[in-house]
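I opened this entry to go through one chain, first as a whole and then at a single position. My notes follow the order in which I looked things up.

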Amino acid sequence: MEKRKIEPNDLYEFPLPYDVTCSPDGKYAAYLFAFLNKEKDCCESELRVLCLETGEEKVLTATRDVGAYKWISSTEIMFSSRRSNQAPGSTDFYILSLEGGEAKKVLSIPRVCTVPEQLKEKEWLILFKAPTDPSEKTADRAEEGKDYWTFTDKPFIRDGEPLGQRRRMQAAIYLEETKEIRRISEKYFEVRGCTTTEDRQKILYFGRNYEDSEPMFDTLVEYDVAEGRNKTLIEGGKLQISLAKYVGEKVILLQASQLKSSATENHDLYLYHRDTGELELMAKPDGMFTTMLDVDSVKTGGQGVKVSGDCLIGQV
């Protein structure tokens with residue numbers, strides 16, 4: 001084969017598989033496969049699955065409009081799809097079976113949100129980014145005749161996002177029958193991580209609660225679904241948290257740092273005992289779980305850390 005130089009248009013031919021997760025029974029690996037669309041100046045994704053026993057790969061979606069997905073059983077996947085009949089500002093979700101058949105629309109949520117976690121029948125846990133004061137509408141790009149903006153947040157912008165203006169990632173419960181969205185995180189709380197117990201009766205989330213300038217430390221909160229109330233487990237100002245996972249019924253595993261030597265130091269592993277509130281240092285590893293090269297030439301996503309029994313499995 002004759003060698004040639006790389007041309008700018010070759011970038012549109014690069015394969016971009018990302019967001020890889022295994023089915024609960026470990027027989028399949030699903031992932032998103034991205035394509036760069038030169039005409040539309042965007043990135044489009046389709047959902048694929050690989051049988052780990054035979055090596056057979058199958059494209060599951062006929063269109064390249066998949067936003068995110070998750071396994072809901074060993075043979076079923078729920079995914080979001082941006083289709084022509086979707087209402088502005090909403091997210092439609094479909095379920096697809098590996099055993100065949102068309103994707104079935106099961107849910108439409110009036111927010112641009114993550115793939116929901118079902119807490120009980122007709123009730124879903126969602127995360128979505130939204131202004132804390134929806135009545136204040138601020139453009140996120142240059143406007144004709146306007147020379148400046150007044151910013152309300154620091155940082156006022158993040159890569160790939162519009163101007164902050166007190167936009168926060170919020171945790172909420174969506175009530176399917178009434179279409180009500182019941183926020184569980186506080187108004188100015190920026191949720192940076194969220195998980196549930198196995199029975200989905202407790203929701204654990206962490207993040208930063210601020211109005212103007214974002215702090216460096218996180219607050220750890222547990223929400224009781226039955227009682228409908230929050231309980232702060234670790235106050236802000238103590239730990240910078242990058243990971244929080246339930247381990248059984250009485251322990252929470254944390255990857256966190258007290259930032260004693262540097263604002264960017266590696267995070268240690270802690271055990272938080274739910275019955276006593278004791279925080280126990282478990283290990284000081286050389287690297288952090290889920291750390292990866294952060295550049296614009298990769299697509300990210302997937303499950304970087306998993307708790308299995310009393311073991312932590314993760315990428316470093």
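**Contacts, fold and one glycine**

I began with contacts in the protein chain between residues at least 6 apart in sequence; 35% of them join residues at least 24 apart. I note here that the model is predicted.

Next I looked up the secondary structure. The protein chain has 21 strands and zero helices.

I then turned to overall dimensions. Along the principal axes, the C-alpha atoms of the protein chain fill a box of roughly 60 × 60 × 50 Å. The radius of gyration is 21 Å, which agrees with the value near 20 Å that a compact globule of 316 residues would have.

For burial and surface, I found that 39% of the 316 residues in the protein chain are buried. The accessible surface of the protein chain comes to about 19,300 Å². Carbon and sulfur atoms account for 48% of that surface.

I also checked the charges. The protein chain carries 44 positive and 55 negative charges.

Last, I picked out Gly100. Where does Gly100 lie? I found Gly100 in the loop between β7 (91-97) and β8 (104-109).

Technical notes:
Residues numbered from 1 in each chain as written. Predicted model: local features only at pLDDT ≥ 70, side-chain atom pairs only at ≥ 80, totals over all residues. Heavy atoms only, no water. Helix = DSSP H or I, 4+ residues; strand = E, 2+ residues; numbered from the N terminus. Rg over C-alpha atoms; globule rule 2.2 N^0.38 Å. Buried < 20%, exposed > 50% of the residue type's maximum accessible area, 1.4 Å probe, protein only. Contact = heavy atoms within 4.5 Å. Areas by Shrake-Rupley, 256 points an atom, 1.4 Å probe, with all protein chains shown as cover. Lys, Arg positive; Asp, Glu negative; His and termini not counted. Charge placed at Lys NZ, Arg CZ, Asp CG, Glu CD.
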